[in-house]
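Please keep the sequence and the structure in view while reading.

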Amino acid sequence: MASFVEARLGKPSLVRETSRSTFFGSLRHPLQYAKRLFVQPKDVLSGIVLEPTLRERLNRIAVSTYNTRQNRATYRNILLHGPPGTGKTLFAKSLARHSGMDYAIMTGGDVAPLGKEGVTAIHKLFDWSSTSRKGFYT
């Protein structure tokens, strides 16, 4: 029972940033909360500077993800890799917003110091993310 309540209410320690809102978070930032509810971004890549070929590929991923969500089909996995500062996190957040899904930001460097408890922390993260009704990017 305790793990069920923790998965529903508490944000796991590995999550640095998330789009999931809580009741108290909506009271603290009511304008941001309202904007998220009513404003749907038009272009997933707006504000992101990319090479034309990369922009086209990422736009195809965004359209495919959006259509998958609309048709309630099974999602495909995406692995974004590259050096720091190349926009992977920015694209993932923008893709989640555009598709109407939640996201959670975490880094692998947060898992390493946990040692054996790292596995438990990752399980808590995925238990928490599975409670999202919108779908989830981690």
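A nonpolar core is a set of buried Ala, Val, Leu, Ile, Met, Phe, Trp, Tyr and Cys residues joined through side-chain atoms within 4.5 Å. In this predicted model, the largest such core has 7 residues: Val44, Leu45, Ile48, Leu58, Ala62, Phe91 and Leu95. Two or more of these residues come from each of the elements α4 and α5 (88-99). Val44, one of the core residues, is in contact with Asn59, Ala62, Ser94, Leu95 and His98, if its neighbours within four places in sequence are left aside.

The average pLDDT is 75, and 69% of the residues score at least 70. Helix α4 (residues 52-70) has the highest mean, at 88, whereas helix α1 (residues 2-9) has the lowest, at 48.

Buried in α6 are Gly118, Ala121, Leu125, Trp128 and Ser129. These residues cover an arc of only 100° around the axis, and therefore lie on the same side of α6. An α-helix has 3.6 residues a turn, so residues three or four places apart point the same way. The exposed residues Val119 and His123 are carried on the face of α6 turned away from its buried side.

A final point concerns the backbone. Most residues other than glycine have a negative phi. Arg72, although not a glycine, has a positive phi of about 55°. Arg72 is found in the loop between α4 and α5 and is exposed, with a relative accessible area of 79%.

Methods: Residues numbered from 1 in each chain as written. Predicted model: local features only at pLDDT ≥ 70, side-chain atom pairs only at ≥ 80, totals over all residues. Heavy atoms only, no water. pLDDT = per-residue confidence, 0-100. Helix = DSSP H or I, 4+ residues; strand = E, 2+ residues; numbered from the N terminus. Buried < 20%, exposed > 50% of the residue type's maximum accessible area, 1.4 Å probe, protein only. Contact = heavy atoms within 4.5 Å. Arc of directions from axis to C-beta.
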